[in-house]
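Here are my notes from going through this one, written as numbered points. Have the viewer open while you read.

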Amino acid sequence: MSRSKRAKSRGTEVGQSGKAQLFILNLLDECPKCGEEVESNEELRQTHLDECTDKRKIAAYAKKLKEEQETAEKKEKLKAAEDEARNMAAWEYSGGKITDLWLLTETQLGALCVQYGLPVDGGKEEQIARIVSHRNALDSKRMLTQGEEGEEVRPKKKVKISTEDLPANMEAMSLGQLKAVAASFGINVAGKKTKAGIINEIERLAHGDQPFLQLTDGKKKK
Ligand SMILES: [Zn+2]
């Protein structure tokens, strides 16, 4: 799920005098002032430039260029939005696991919130928490319905955490990222103020009732 790189601004900016130079040298098709096409002849082009003073034409051409630029910018924005949507589709295709929610961008999480009819405000952490509880409620409902059809299925209240789902590099994550991870697992870490505290809480719940194995080389708290 690689993030889309924003396209770098197209080409290098050439000033108006530079453009005039290119035009005279037949390297530009259109007059940089009025936008008219002029025969590829240096003398003719120099003459055209000298006589190109029609303010109405020049203004119209400037407007056209501006509109073209705006269209290009709109397209770029649209493309960025499409990339985001594609990333989210990839996430959904790979199972749309709630425990992977923390991998999504704030924009993508916002789109999910909209999709589920949830408020979009707040940071990633709040958005994830909302989506998690909403999805859990949906899952519970679905399981109850299945249960009515004969199978006995008990709704689960919490995201089941398996150690395999845990990100490998929690130690290297920022506090904000860790909170987003915790939110993805439905873990409330509001009381935890440090990275270590959050990591401990996530690992404690991931290991469940099993006796907790101290994996963090000897930093045992007593
Ligand atoms: Zn001109």
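1. A definition before anything else: helices here are DSSP runs of H or I, at least four residues long, numbered from the N terminus. With that numbering, Asn26 sits in the loop between helix 1 (16–24) and helix 2 (42–51). Bear in mind too that this is a predicted model.

2. Overall make-up. The chain has 7 helices and 0 strands, so if you read along the sequence you simply get α-α-α-α-α-α-α. There are 222 residues, and 18% of them count as buried. As for contacts between residues at least 6 apart in sequence, 40% join residues at least 24 apart.

3. Back to Asn26 for a moment. What is its phi, given that it is not a glycine? The value is positive, about 65 degrees. For background, most residues other than glycine have a negative phi.

4. Helix 1 and helix 2 meet at an angle of about 145 degrees, and their axes are 8 Å apart. On the helix 1 side the contact uses Ala20, Phe23 and Ile24, while helix 2 brings Glu42, Arg45, Gln46 and Leu49. Sorted by class, the residues of this contact of helix 1 with helix 2 are 4 nonpolar, 1 polar and 2 charged.

5. Asp54 is located between helix 2 and helix 3. Is Asp54 buried, exposed or partly exposed? It has 13 other C-beta atoms within 10 Å, so it comes out as partly exposed.

6. Helix 3 (residues 55–93) against helix 4. Their axes come within 10 Å and cross at roughly 70 degrees. Angles of 65 to 115 degrees count as roughly perpendicular, and so helix 3 is roughly perpendicular to helix 4. The residues involved are Glu84, Asn87 and Met88 from helix 3, with Thr107, Gln108 and Ala111 from helix 4. The contact of helix 3 with helix 4 splits into 2 nonpolar, 3 polar and 1 charged.

7. The main core. Which residues of the largest nonpolar core touch the most other members? The core has 24 residues, and the answer is Ile128, Ile131, Val181, Ala182 and Ile202. Helix 4 (106–115), helix 5 (124–148), helix 6 (175–184) and helix 7 (195–206) each put in at least two residues. Helix 6 has the largest share of this core, with 5 residues. Another core lies apart from it, made of 5 residues that include Phe23, Cys34, Val38 and Cys52. The general background is that nonpolar side chains tend to be buried together in soluble globular proteins.

8. Leaving out residues up to four places away in sequence, Val181 touches Trp102, Pro167 and Ile202.

9. Helix 6 and helix 7 as a pair. The axes come within 10 Å and cross at roughly 20 degrees. Since angles under 35 degrees count as roughly parallel, helix 6 is roughly parallel to helix 7. The crossing of helix 6 past helix 7 is left-handed. Helix 6 makes the contact through Leu175, Leu178, Lys179, Val181 and Ala182, and helix 7 through Lys195, Ile198, Ile199, Glu201 and Ile202. By class, this contact of helix 6 with helix 7 has 7 nonpolar, no polar and 3 charged residues.

10. One end of that pair. Leu175, in helix 6, is partly exposed, with 14 other C-beta atoms within 10 Å. Leu175 and Ala196 are 21 residues apart in sequence, with their C-alpha atoms 9.4 Å apart. Where does Lys193 lie? Lys193 is in the loop between helix 6 and helix 7. With 10 other C-beta atoms within 10 Å, Lys193 is exposed. The C-alpha atoms of Lys193 and Leu175 are separated by 8.6 Å, and the two residues are 18 apart along the chain.

Key
Residues are numbered from 1 along each chain as its sequence is written. This is a predicted model: local features need pLDDT of at least 70, side-chain atom pairs count only at pLDDT 80 or more; totals for chains, interfaces and linings use all residues. A residue is buried if 20 or more other C-beta atoms lie within 10 Å of its own, exposed if 12 or fewer, and partly exposed in between; C-beta atoms are placed from the backbone. Two residues are in contact if their C-beta atoms, placed from the backbone, lie within 7 Å. A nonpolar core is a set of buried Ala, Val, Leu, Ile, Met, Phe, Trp, Tyr and Cys residues joined through C-beta atoms within 7 Å. Axes are lines fitted to C-alpha atoms, for helices over the stretch in contact, and angles run from 0 to 180 degrees between N-to-C directions. Angles under 35 degrees count as roughly parallel, over 145 as roughly antiparallel, 65 to 115 as roughly perpendicular and the rest as oblique. A crossing is left-handed if the near helix is turned anticlockwise from the far one by less than a right angle, and right-handed if clockwise. Ala, Val, Leu, Ile, Met, Phe, Trp, Tyr, Cys and Pro count as nonpolar, Asp, Glu, Lys and Arg as charged, and the others, Gly among them, as polar.
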